[in-house]
Amino acid sequence: MDLLEKYLPKLTVAPIHALLKEFKVQLKIVHERKTRHGDYRRDPSGLHHITINSNLNKYRFLITLVHELAHLVAFQKYGRHIQPHGVEWKHTFQKMMIPFLRPDIYPSDLLPVVVKHFKNPRASSDTDALMSIALRRYDPETDKNYIFELPYGSRFVASNGKLYQLGKRLRKRYECLELDSGKMYVFQPNAQVTLMKTNE
(Lines give C-alpha, C1' and ligand atoms only; values in the text may rest on other atoms or scores of the structure.)
Protein backbone atom coordinates (compact mmCIF):
# COMPACT_ATOMS: atom_id res chain seq x y z
CA MET A 1 0.00 0.00 0.00
CA ASP A 2 2.79 2.44 0.89
CA LEU A 3 4.41 1.91 -2.51
CA LEU A 4 1.12 2.51 -4.35
CA GLU A 5 0.53 5.75 -2.45
CA LYS A 6 3.67 7.16 -4.04
CA TYR A 7 2.50 6.49 -7.60
CA LEU A 8 -1.33 6.61 -7.66
CA PRO A 9 -4.05 9.18 -6.94
CA LYS A 10 -4.95 8.81 -3.26
CA LEU A 11 -8.52 7.53 -3.72
CA THR A 12 -7.40 4.75 -6.08
CA VAL A 13 -4.82 3.16 -3.78
CA ALA A 14 -7.19 0.89 -1.81
CA PRO A 15 -9.22 -0.45 -4.80
CA ILE A 16 -6.06 -1.01 -6.87
CA HIS A 17 -4.39 -2.78 -3.95
CA ALA A 18 -7.49 -5.02 -3.66
CA LEU A 19 -7.30 -5.92 -7.37
CA LEU A 20 -3.60 -6.77 -7.14
CA LYS A 21 -4.32 -8.96 -4.11
CA GLU A 22 -7.37 -10.62 -5.70
CA PHE A 23 -5.46 -11.64 -8.82
CA LYS A 24 -2.19 -12.37 -6.95
CA VAL A 25 -0.20 -9.94 -9.08
CA GLN A 26 3.45 -9.25 -8.46
CA LEU A 27 3.88 -5.55 -9.28
CA LYS A 28 7.33 -4.26 -10.16
CA ILE A 29 8.11 -0.59 -10.75
CA VAL A 30 11.07 -0.12 -13.09
CA HIS A 31 13.15 2.59 -14.72
CA GLU A 32 11.77 4.19 -17.87
CA ARG A 33 11.58 2.02 -20.98
CA LYS A 34 11.32 3.98 -24.21
CA THR A 35 9.02 1.54 -26.00
CA ARG A 36 6.34 0.97 -23.33
CA HIS A 37 4.84 2.35 -20.14
CA GLY A 38 4.07 -1.09 -18.70
CA ASP A 39 3.58 -4.77 -19.48
CA TYR A 40 1.89 -7.92 -18.21
CA ARG A 41 3.11 -11.50 -18.38
CA ARG A 42 2.25 -14.82 -16.81
CA ASP A 43 5.22 -17.01 -16.00
CA PRO A 44 5.28 -20.81 -16.57
CA SER A 45 4.21 -21.44 -12.97
CA GLY A 46 1.07 -19.35 -13.51
CA LEU A 47 2.15 -16.30 -11.49
CA HIS A 48 1.12 -12.89 -12.82
CA HIS A 49 3.71 -10.13 -13.22
CA ILE A 50 3.06 -6.49 -14.09
CA THR A 51 5.84 -3.97 -14.57
CA ILE A 52 5.20 -0.21 -14.76
CA ASN A 53 7.63 2.60 -15.50
CA SER A 54 8.50 4.68 -12.44
CA ASN A 55 8.55 8.03 -14.30
CA LEU A 56 4.80 8.16 -15.09
CA ASN A 57 2.65 10.83 -13.49
CA LYS A 58 -0.02 9.39 -11.16
CA TYR A 59 -2.86 9.63 -13.70
CA ARG A 60 -0.91 7.89 -16.45
CA PHE A 61 0.34 5.34 -13.90
CA LEU A 62 -3.28 4.50 -12.99
CA ILE A 63 -4.33 4.12 -16.64
CA THR A 64 -1.27 1.98 -17.43
CA LEU A 65 -1.75 -0.29 -14.41
CA VAL A 66 -5.44 -0.86 -15.16
CA HIS A 67 -4.51 -1.45 -18.84
CA GLU A 68 -2.17 -4.28 -17.78
CA LEU A 69 -4.65 -5.70 -15.24
CA ALA A 70 -7.24 -5.76 -18.05
CA HIS A 71 -4.95 -8.10 -20.02
CA LEU A 72 -4.89 -10.52 -17.10
CA VAL A 73 -8.66 -10.37 -16.54
CA ALA A 74 -9.51 -10.66 -20.25
CA PHE A 75 -7.23 -13.68 -20.70
CA GLN A 76 -8.79 -15.38 -17.67
CA LYS A 77 -12.35 -14.67 -18.82
CA TYR A 78 -12.04 -15.30 -22.57
CA GLY A 79 -8.98 -17.56 -22.88
CA ARG A 80 -5.46 -16.91 -24.10
CA HIS A 81 -6.38 -17.19 -27.80
CA ILE A 82 -7.84 -13.64 -27.89
CA GLN A 83 -6.02 -10.71 -29.49
CA PRO A 84 -4.01 -8.80 -26.85
CA HIS A 85 -5.81 -5.53 -27.68
CA GLY A 86 -8.93 -6.98 -29.25
CA VAL A 87 -12.58 -6.34 -28.42
CA GLU A 88 -12.50 -8.53 -25.30
CA TRP A 89 -9.62 -6.55 -23.84
CA LYS A 90 -11.25 -3.23 -24.77
CA HIS A 91 -14.50 -4.14 -23.01
CA THR A 92 -12.59 -5.37 -19.96
CA PHE A 93 -10.44 -2.22 -19.83
CA GLN A 94 -13.50 0.04 -20.15
CA LYS A 95 -15.35 -1.80 -17.38
CA MET A 96 -12.35 -1.76 -15.03
CA MET A 97 -11.75 1.98 -15.56
CA ILE A 98 -15.35 3.12 -14.94
CA PRO A 99 -15.00 3.26 -11.12
CA PHE A 100 -11.99 5.58 -11.51
CA LEU A 101 -13.51 8.08 -13.97
CA ARG A 102 -14.56 10.51 -11.26
CA PRO A 103 -13.98 14.21 -10.54
CA ASP A 104 -12.53 13.41 -7.12
CA ILE A 105 -9.78 11.38 -8.85
CA TYR A 106 -9.07 13.24 -12.12
CA PRO A 107 -8.64 17.03 -12.39
CA SER A 108 -11.43 18.91 -14.18
CA ASP A 109 -9.30 19.64 -17.26
CA LEU A 110 -8.24 16.00 -17.64
CA LEU A 111 -11.39 14.05 -16.80
CA PRO A 112 -13.40 14.84 -20.00
CA VAL A 113 -10.43 13.87 -22.18
CA VAL A 114 -9.96 10.56 -20.33
CA VAL A 115 -13.71 9.79 -20.44
CA LYS A 116 -13.72 10.39 -24.21
CA HIS A 117 -10.69 8.12 -24.66
CA PHE A 118 -12.45 5.27 -22.85
CA LYS A 119 -15.37 5.26 -25.26
CA ASN A 120 -12.97 3.35 -27.50
CA PRO A 121 -9.62 2.76 -25.73
CA ARG A 122 -6.57 2.14 -27.89
CA ALA A 123 -3.69 -0.25 -27.47
CA SER A 124 -1.57 2.68 -26.29
CA SER A 125 -2.79 5.95 -24.82
CA ASP A 126 0.15 7.57 -26.64
CA THR A 127 -1.63 7.09 -29.98
CA ASP A 128 -4.47 9.29 -28.70
CA ALA A 129 -2.80 12.67 -29.23
CA LEU A 130 -5.37 14.65 -27.23
CA MET A 131 -5.06 12.43 -24.17
CA SER A 132 -1.29 12.22 -24.44
CA ILE A 133 -1.05 16.01 -24.46
CA ALA A 134 -3.56 16.37 -21.60
CA LEU A 135 -1.66 13.85 -19.47
CA ARG A 136 1.66 15.54 -20.21
CA ARG A 137 0.53 18.63 -18.27
CA TYR A 138 1.00 16.56 -15.13
CA ASP A 139 4.48 15.27 -16.01
CA PRO A 140 7.55 16.77 -14.33
CA GLU A 141 9.20 19.60 -16.26
CA THR A 142 11.04 18.31 -19.32
CA ASP A 143 13.22 19.67 -22.11
CA LYS A 144 11.27 17.68 -24.70
CA ASN A 145 8.75 18.98 -27.24
CA TYR A 146 5.97 17.38 -29.19
CA ILE A 147 6.57 17.07 -32.94
CA PHE A 148 3.51 19.21 -33.69
CA GLU A 149 4.99 22.10 -31.63
CA LEU A 150 8.12 22.36 -33.79
CA PRO A 151 8.52 24.79 -36.70
CA TYR A 152 8.86 23.31 -40.18
CA GLY A 153 12.48 22.38 -40.95
CA SER A 154 13.49 22.00 -37.29
CA ARG A 155 16.13 19.47 -36.41
CA PHE A 156 15.46 17.18 -33.48
CA VAL A 157 16.73 14.07 -31.75
CA ALA A 158 14.15 11.27 -31.40
CA SER A 159 13.94 8.71 -28.59
CA ASN A 160 16.16 6.35 -30.65
CA GLY A 161 18.99 8.91 -30.47
CA LYS A 162 18.94 9.68 -34.21
CA LEU A 163 18.84 13.15 -35.75
CA TYR A 164 15.87 14.15 -37.96
CA GLN A 165 14.58 17.19 -39.79
CA LEU A 166 10.87 17.97 -39.63
CA GLY A 167 9.11 17.91 -42.98
CA LYS A 168 5.52 18.35 -44.08
CA ARG A 169 2.42 17.27 -42.22
CA LEU A 170 0.57 14.38 -43.79
CA ARG A 171 -3.05 13.64 -42.82
CA LYS A 172 -2.30 12.99 -39.16
CA ARG A 173 1.42 12.35 -38.94
CA TYR A 174 4.58 14.23 -39.86
CA GLU A 175 7.13 13.28 -42.49
CA CYS A 176 10.68 13.58 -41.18
CA LEU A 177 14.08 13.11 -42.80
CA GLU A 178 16.68 11.04 -40.95
CA LEU A 179 19.79 13.07 -41.63
CA ASP A 180 22.38 10.27 -41.47
CA SER A 181 20.66 7.87 -43.87
CA GLY A 182 18.60 10.28 -45.98
CA LYS A 183 15.52 8.11 -45.42
CA MET A 184 12.05 9.50 -44.72
CA TYR A 185 10.07 8.40 -41.67
CA VAL A 186 6.69 9.39 -40.25
CA PHE A 187 6.09 10.45 -36.66
CA GLN A 188 2.95 10.78 -34.58
CA PRO A 189 2.19 14.46 -33.76
CA ASN A 190 2.54 13.74 -30.03
CA ALA A 191 5.95 12.03 -30.28
CA GLN A 192 8.25 13.67 -27.73
CA VAL A 193 11.62 14.76 -29.11
CA THR A 194 14.53 17.01 -28.20
CA LEU A 195 14.75 20.14 -30.34
CA MET A 196 18.24 20.99 -31.55
CA LYS A 197 19.21 24.64 -31.19
CA THR A 198 20.20 26.40 -34.43
CA ASN A 199 23.88 26.57 -33.42
CA GLU A 200 24.13 22.86 -32.50
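Analyst: Let's begin with burial: a residue is buried under 20% relative accessible area, exposed over 50%, and partly exposed in between, using a 1.4 Å probe and protein chains only. Helices (H or I, at least four residues) and strands (E, at least two) are DSSP runs, numbered from the N terminus. In helix 6, the buried residues are Met 131, Ser 132, Ala 134, Leu 135 and Arg 136. One caution: this is a predicted model, where local features need pLDDT of at least 70 and side-chain atom pairs count only at pLDDT 80 or more, while totals for chains, interfaces and linings use all residues. Residues are numbered from 1 along each chain as its sequence is written, and side-chain values use heavy atoms, with hydrogens and water left out.

User: What covers the buried residues of helix 6?

Analyst: Think in contacts, meaning heavy atoms within 4.5 Å. The cover over helix 6 includes helix 3, helix 5, strand 4 and strand 9 (192–195). You can read helix 4 (residues 87–97) that way too: Trp 89, Thr 92, Phe 93, Gln 94, Met 96 and Met 97 are buried there, and their cover includes helix 2 (13–22) and helix 3.

User: Now sheets. In what order do the three strands of the open sheet come?

Analyst: Strands of a sheet pair through backbone hydrogen bonds, either parallel or antiparallel. Here two strands count as paired if DSSP finds at least two bridges between them. The order in this open sheet is 1-3-2, with mixed pairing. Strand 1 (25–30) and strand 2 (38–42) sit at the edges with a single partner strand each, so one side of each has no neighbour in the sheet. From one strand to the next, the twist averages 15 degrees.

User: Which residues of strand 3 are bridge partners of Leu 27 and Arg 41?

Analyst: Leu 27 has Ile 50 as its partner, and Arg 41 has His 49. Strand 1 and strand 3 (residues 48–53) are parallel, with six bridges, and Ile 29 faces Ile 52 there. Strand 2 and strand 3 run antiparallel, joined by five bridges.

User: Is strand 3 covered on one face or both?

Analyst: Both: His 48, Ile 50 and Ile 52 are buried on one side, and His 49, Thr 51 and Asn 53 on the other. With six of its six residues buried, strand 3 is largely enclosed by the rest of the structure. For helix packing, axes are lines fitted to C-alpha atoms (for helices, over the stretch in contact), and angles run from 0 to 180 degrees between N-to-C directions. Helix 3 (residues 58–78) lies across strand 1, strand 2 and strand 3, at about 160 degrees to strand 3.

User: How many residues are in the largest nonpolar core?

Analyst: A nonpolar core is a set of buried Ala, Val, Leu, Ile, Met, Phe, Trp, Tyr and Cys residues joined through side-chain atoms within 4.5 Å. The largest one has 40 residues, and Ile 16, Ile 63 and Tyr 106 make the most contacts inside it. Helix 3 gives the largest share, twelve residues. Apart from this core lies another of ten residues, among them Phe 156, Ala 158, Leu 166 and Val 193.

User: And Pro 151: buried or exposed?

Analyst: Pro 151 is exposed, at 51% relative accessible area. You'll find Pro 151 in the loop between strand 4 (145–146) and strand 5 (155–157).
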